Amino acid sequence: MNIFIIGATGFVGGALARHLSDQGHTVTGLARTKSAAVTLVSQGITPVAGDLDEHRSTVMSAARAADTVIYAAQAGPEQETATVQDLIRALTGTDKTLLFLSGNGVLAQRTAGAWSPDVFAEDDPVTPEPLAAYRKAAEDTVRAAARGGLHAMVIRPGLIWGPGDHGHVPMVYQSVAATGAACYVGEGLNTYSHVHIDDVTRLFSLALEKGRPGGLYHAVAGETPNRWIAERVAADLGVEARSLTPQEAADVWGEFGALVMSVSGRIRAIHAQQDLGWQPQHTDMLTMIGEERLRRLAAPAG
């Protein structure tokens, strides 16, 4: 199968490119820079020079030439909305496959560090997080495109962790560099469902094999409150675990990072398990604690 990946140099897109190439597919990836192209070539991925702004027509040409298009980019709202609309216009009626990578941030709840009892399966109604409303709209647009002769699906993972990730565990290590303590927000009981990158790539393969047009598939393997993460990082480094106010959190992680570390986003993977037979193989995100690449993040700058 010829697969074109938009976002092939990112954390998730890169893992997908390598995984699908290893499975024997012919994979091309969007490269915005020469260095990105060199990276893709070194991994056996054919680069497509272009971007989602001035050279979007190149992206659409590559999409039309592929059997499957995977959107795994981290683009801004206007870029993402326009790109999804253009992809659907280019692919409608072709019976090709379009997979859109979303995330459970679309249903995040602003609990300021408190626990939430709400857990969402794929078909449960949600009120989108305002900052992610554009992404929920993109999800809906992709799923609706399945009615127009396009094998379109949405994959919505929880917090993705694994080698090279930039999620909650690295952020807690970074807080040690800034404050001398392993930090969380408020009570630290807010919980973000998580899943390993290898389990996400397997879900994409299963969706390509037997996913239904218009399908939405969650990927989740476990849940770990932020306070538990901070306490384990504190034990690893021999420092204290500390609660931050929202303003203190913004000083440590920036406003958006503070929001990420204070929300709850809990999901269940009903359709992924029942329809696709997907089961996670990595369930304990805290196995990362103690990795040298994470400990380096705790060192004060300079």
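Mentor: Axes are lines fitted to C-alpha atoms, for helices over the stretch in contact, and angles run from 0 to 180 degrees between N-to-C directions. Helices are DSSP runs of H or I with at least four residues, numbered from the N terminus. This is a predicted model, in which local features need pLDDT of at least 70, side-chain atom pairs count only at pLDDT 80 or more, and totals for chains, interfaces and linings use all residues. Residues are numbered from 1 along each chain as its sequence is written, and side-chain values use heavy atoms, with hydrogens and water left out.

Trainee: How are helix 6 and helix 9 oriented to each other?

Mentor: The axes of helix 6 and helix 9 (residues 246–260) come within 12 Å and cross at roughly 150 degrees. Angles under 35 degrees count as roughly parallel, over 145 as roughly antiparallel, 65 to 115 as roughly perpendicular and the rest as oblique. Helix 6 and helix 9 are therefore roughly antiparallel.

Trainee: At roughly what angle do helix 6 and helix 8 cross?

Mentor: Helix 6 spans residues 168–179 and helix 8 spans residues 226–237. Their axes come within 10 Å, and the crossing angle is roughly 50 degrees. That makes helix 6 oblique to helix 8.

Trainee: Is V169 buried or exposed?

Mentor: V169 is found in helix 6. Leaving aside neighbours within four places in sequence, V169 is in contact (heavy atoms within 4.5 Å) with I229, M285, M288, I289 and L294. Its relative accessible area is 0%; under 20% means buried, over 50% exposed, and in between partly exposed (1.4 Å probe, protein chains only). V169 is therefore buried.

Technical notes. Helix = DSSP H or I, 4+ residues; strand = E, 2+ residues; numbered from the N terminus.
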